[in-house]
Amino acid sequence: MKFTKLASATLLSLAAVSVSQAVTLDIEITNLTQAQSFTPRLVIAHDDTVDAFEVGQPASSALAWLAEAGVIDDEQNADSSGANFEALLGPVDTDNGSNTWHRFGGLLAPKDTLSYPFDTMDKPYLSLLSMLIPTNDAFVGMDSIEIPTEPGTYTYYLNAYDAGTELNDELNSARTDVVEAGTGNALGGYGVPGVAGGGAPTRIVDLGTGGTGVGAQIVNGEIEDGEDGPVHIHRNALGDTDSAAGASDLDSTVHRWLNPVARVVITVPAS
Amino acid sequence: MNNPIIKLSTLLMLSALLAACGDDGDTGPQGPAGPQGEAGTDGQDGTDGQDGSDGQDGINGNSAVYTVQITNLTYSQPFAPAAVILHESGFHSFNEGEPASMGIEIMAEGGDPSMVITEAMDSTDFLDAQNSGGILGPRSMGAELTLVVPELDADDLRLTVTIMLVNTNDAFTGLNAANVSNMAVGDIKTFMTVTWDAGTEANTETAATMPGPAASAAGGGGEAAGYDVVRDDLADAVRLHQGVVTSANADDPSREGLSTSVLTEAHRFDFPTSRVVITRTR
């Protein structure tokens, strides 16, 4: 009898400890598009001093790295060191005071669903960002939702935004017949023109070549990088139906989307 | 006459047993099984049992009554007849990322929603359904449809609606098991709907593959241009629709449009595509 009481007392104290610990959410994300893959997902739990993106405001360099190249931290791309979200937020999987964040790796293919556990470390808000590929600088964003505290399942629909840090030329970065105006740099990800991620293994079709440019036009073999910010709802890819000519190297019958582009289901466990 | 022989054989058997006992080794191998005996004859039927006592009356025989009204929010996409289904949680007429059922395919390509309803009726979660039966024109409100479910089921109620956009290959709008549980009499819930691509037909936008008036005006359309058993889309999976490409700008230098399309820019649509209002009236 005494032994039983001791055991239940121990259980109670354990339960009390677990209540005071931070909640581990289950975060499920579904790609609702038919031909846009999601780059590794940045998930941030944070307080009101952190704002990963804000419509109507210029993008940070961290957002530009994410939206143009899908890069969140040094491990993904050393060139981004000091300018990426890791620099902005602090070390990964750490209670950085104002925030804690994690990169959920791998590509999320069109129509696919993934879910992951995420320890919020008692921060009140949640943001989630991921680049849409193939695009110039489109990203799917969850903008500082208040993390629900009641146990249950909560569904959110996310829209596609334009980071505004690169003109939407819709040109295949694999092309060598076009270079960045002024610098002569090859097309590619961060800081240069061109659509990133065209060769991703989750692609639905190969990109075309020979497009003359959509949001910017090729002049004498050069294309301007440019800006079209601040951050706003993306006006969608245009694409065209000629893989060897036309304005775009994207396909208008394949690469377009309509909002929302993602569904996020957050499960708050019973304590 | 036979007795001595029998006795002799018994004695032999006994001695064999004794020898086996004294042997202390393993027993010998089993002999082959004998042939199966013949089946016996069936017994006679027993007498019937007595009737059971009557069951108790149900707790509540009342019905909950709902009306559903659909508004077409598009500029020029007529809506095919709607399947409107009330059911319990657990059932889905379709799931994003998965291949569409044949009922969804027939509805999304040709407009007839009746198999979507019969597929739902096969589920133990099914409660009631209506087929609106007519075309709902662009920019207009449909008639109120009435559905009745047992009042006991009102605490776990889902609404599924599927409607083809007829000037498309296989686009459909509606609701996928929207939660309408625990509505009190007089309560109204409004849903703004997205549009899915059924993933069962390539979006060629040609006269021969779409049933609606845009295809008819180009010499195609109708039933022959509706359901086709072949699944030839980019992926055989339901997902959100990307919108129609149309023939706009097909032949200018941008090549943005689809030259095989019989649609014009006027047939474009966006989300929300329809409004669905459900009211509990009793």
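Why is helix α2 (residues 102–110) of chain B largely enclosed by the rest of the structure? Let's work through that together, keeping in mind that this is a predicted model.

1. **The helix in question.** Eight of the nine residues of helix α2 of chain B are buried, so the helix is largely enclosed by the rest of the structure. Here a residue counts as buried if 20 or more other C-beta atoms lie within 10 Å of its own. You can find the buried ones by name: B:Gly103, B:Ile104, B:Glu105, B:Ile106, B:Met107, B:Ala108, B:Glu109 and B:Gly110.

2. **Where it ends.** After α2(B) comes B:Gly111, and the phi angle of B:Gly111 is positive, near 100°.

3. **Now chain A.** Chain A contains twelve strands and three helices. Along the principal axes, its C-alpha atoms fill a box of roughly 90 × 35 × 30 Å. Of the 271 residues in chain A, 48% are buried.

4. **Contacts inside chain A.** Take the contacts in chain A with a separation of 6 or more: 73% of them join residues 24 or more positions apart.

5. **Where the chains meet.** Between the two chains, 24 residues of chain A are in contact with 22 residues of chain B. The side of chain A that touches chain B is made up of ten polar, nine nonpolar and five charged residues.

Conventions
Residues are numbered from 1 along each chain as its sequence is written. Chains are lettered from A and ligands numbered from 1 in the order in which they are written. This is a predicted model: local features need pLDDT of at least 70, side-chain atom pairs count only at pLDDT 80 or more; totals for chains, interfaces and linings use all residues. Two residues are in contact if their C-beta atoms, placed from the backbone, lie within 7 Å. Ala, Val, Leu, Ile, Met, Phe, Trp, Tyr, Cys and Pro count as nonpolar, Asp, Glu, Lys and Arg as charged, and the others, Gly among them, as polar. A residue is buried if 20 or more other C-beta atoms lie within 10 Å of its own, exposed if 12 or fewer, and partly exposed in between; C-beta atoms are placed from the backbone. Helices (H or I, at least four residues) and strands (E, at least two) are DSSP runs, numbered from the N terminus.
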